[in-house]
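My notes follow the structure.

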Amino acid sequence: MNQVVEFFAGLLDTSDWPPRWHCGKWTEFHGWLYIISDLLVWSAYFAIPFFIIRYISRKHDARFIRLYFLFAGFILACGATHFLDVITFWFPVYRLSALVRAITAIFSWITVFYLIKVLPVAFSLRSSHELEEEVEQRKKAEEKFRNFLERMPDSIIVVNEAGIIQLVNAQTVKMFGYFREEMVGNRIELLMPRRYEKMHPFRRFRFYDTPQATQVAEGFELFALRKDGREFPVEMSLSPMETDEGLMLTASIRDVSEKKQLEKVIRDTNITLERKVRQRTEELERKNKELEQFAYVASHDMQEPLRTTSSFVALLRKQYKGKLDENADKYLDYIVQSSDRMKVLIKDLLDYSRLGREKEKRQVDCNSIVEQVRADLNRVIRESKAEVKAGNLPLLDGFPTELKLLFQNLVSNSIKFRRPGEPPVVEINSQKNNGTWEFSISDNGIGIEAQYLDRIFVIFQRLHNRTDYEGSGIGLAHCKKIVELHGGRIWVKSEPGVGSTFFFTISEMQ
């Protein structure tokens, strides 16, 4: 420790050694060659750090800045050792020379350790050839991008954050009528109607605050401005694009003039069609009302003379039965039977014309309707020993009276057209199918031949003699009209001698 203190205390002491000129046998040539060489090395070592620092000050993006400074310090220290070697020829400051050499050694190893640290990073740096290839690839990618933009069917405009147009494609030139040079470098407001000038910068800044792809002008019409001053409707979508020059805004613009014209034509056509449909509907409703009124009046007017005829025929048969010949009695019976059939036909016709008069649908429990039908047909069921079975039926929105008539007609038909000597079995089921309820009413009756399956739903169509099966032939027509009132359809599957299954659909409860 004492030696260290003594070393630094006599750092500049020259009394311990003679100058280097007096150490050994230096010739003039040898000595001055040594001195001049060291001075040249020293001057070069001091010049190199100047150029390194100059390079760093001008090259702001230079890599490994700390390594440059370490090299500069190391070179300066090396140069100082050569300069002190020259000084010792006249002033033997060997202690100072040793200290500078120690500093040089420290700088040298610090530089070596830092160089070892950055060497893997340096190895990963691309060579000039690789950089040239990357530049070439970027040029090709940029060329492909430009070609892609040029082929786009929509107008593509790239705008920077200040609203200055940076790039446009060929479709933009065609759409707006400007030359490319007139748009690039100009503000985007050049292509917009003047009424948008105040609100557009605000919208653009708001987009840059939260950049994301978005559709512009949803819910209202957006217009663009051509060079000749004409406005035209457009659809526009905005997308952010990161570039070396910062965040850019890419606008894709589509001229929708033809689309708007087509929409107007469709809108006008729809208005015309709606007006015609409304007129036809009103006309149809009026004719239906007239038809209903006619059916009611006609049937009512027919009932009065029919009642009179029936009364007089009944009176004739009461007073003169057995007093006239046998043919006269038979004719009177025919007249009474025909009058009774006419009464039934008129009543059924009236019922048919009244179907659908109820305007509001209500919630209907089909299970309750089937129970009411069973009660109404109780006598027929008991007399025929019929069995009417029903599964768990749904709730519907419908017309209660009409739905009850629908089930009653189908069940009573199944009982009526039974096989002789075999009790009728009627099964009622339902299943949900694509938003509608499909009902089935099947029986073990006489069945229907295939050629008559469509004919049975036509009003007043009969397949059997009245002597075999009574009725007016209007029941299934009632059923078809009721199902259609509920937006459904009705059909039948049958096999003669085995039975029939009637199907109908009704929309589920809304």
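**Notebook: helix packing and cores**

I began with burial: buried residues make up 32% of the 510 residues in the protein. Buried means under 20% relative accessible area, exposed over 50%, and partly exposed in between, with a 1.4 Å probe and protein chains only. The model is predicted, so local features need pLDDT of at least 70 and side-chain atom pairs count only at pLDDT 80 or more, while totals for chains, interfaces and linings use all residues. Residues are numbered from 1 along each chain as its sequence is written, and side-chain values use heavy atoms, with hydrogens and water left out.

I looked up the secondary structure and found 14 helices and 13 strands. These are DSSP runs numbered from the N terminus: helices are H or I with at least four residues, strands E with at least two.

**Cores**

Which residues have the most contacts inside the largest nonpolar core? I noted L406, F407, L410, I428, F439, F502 and F504, in a core of 35 residues. A nonpolar core is a set of buried Ala, Val, Leu, Ile, Met, Phe, Trp, Tyr and Cys residues joined through side-chain atoms within 4.5 Å. Elements giving two or more residues to this core include α11 (366–376), α13, α14 and β13 (499–507). The largest share, 6 residues, comes from α13.

I then followed L410. Leaving aside neighbours within four places in sequence, L410 is in contact (heavy atoms within 4.5 Å) with I441, L476, C479, F502 and F504. A second, separate core has 21 residues, among them I165, Y178, V234 and L249.

**α13 with α14**

I looked at helix α13 (residues 400–416) and helix α14 (residues 475–485): their axes come within 9 Å and cross at roughly 145 degrees. Axes are lines fitted to C-alpha atoms, for helices over the stretch in contact, and angles run from 0 to 180 degrees between N-to-C directions. On the α13 side, the residues that meet α14 include L403, L406 and L410; on the α14 side they include L476, C479 and I482. The residues of this contact divide into 9 nonpolar, 4 polar and 1 charged. Ala, Val, Leu, Ile, Met, Phe, Trp, Tyr, Cys and Pro count as nonpolar, Asp, Glu, Lys and Arg as charged, and the others, Gly among them, as polar.

**α11 with α13**

I found that α11 and α13 pack at an angle of about 55 degrees, with their axes 9 Å apart. That makes α11 oblique to α13, because angles under 35 degrees count as roughly parallel, over 145 as roughly antiparallel, 65 to 115 as roughly perpendicular and the rest as oblique.
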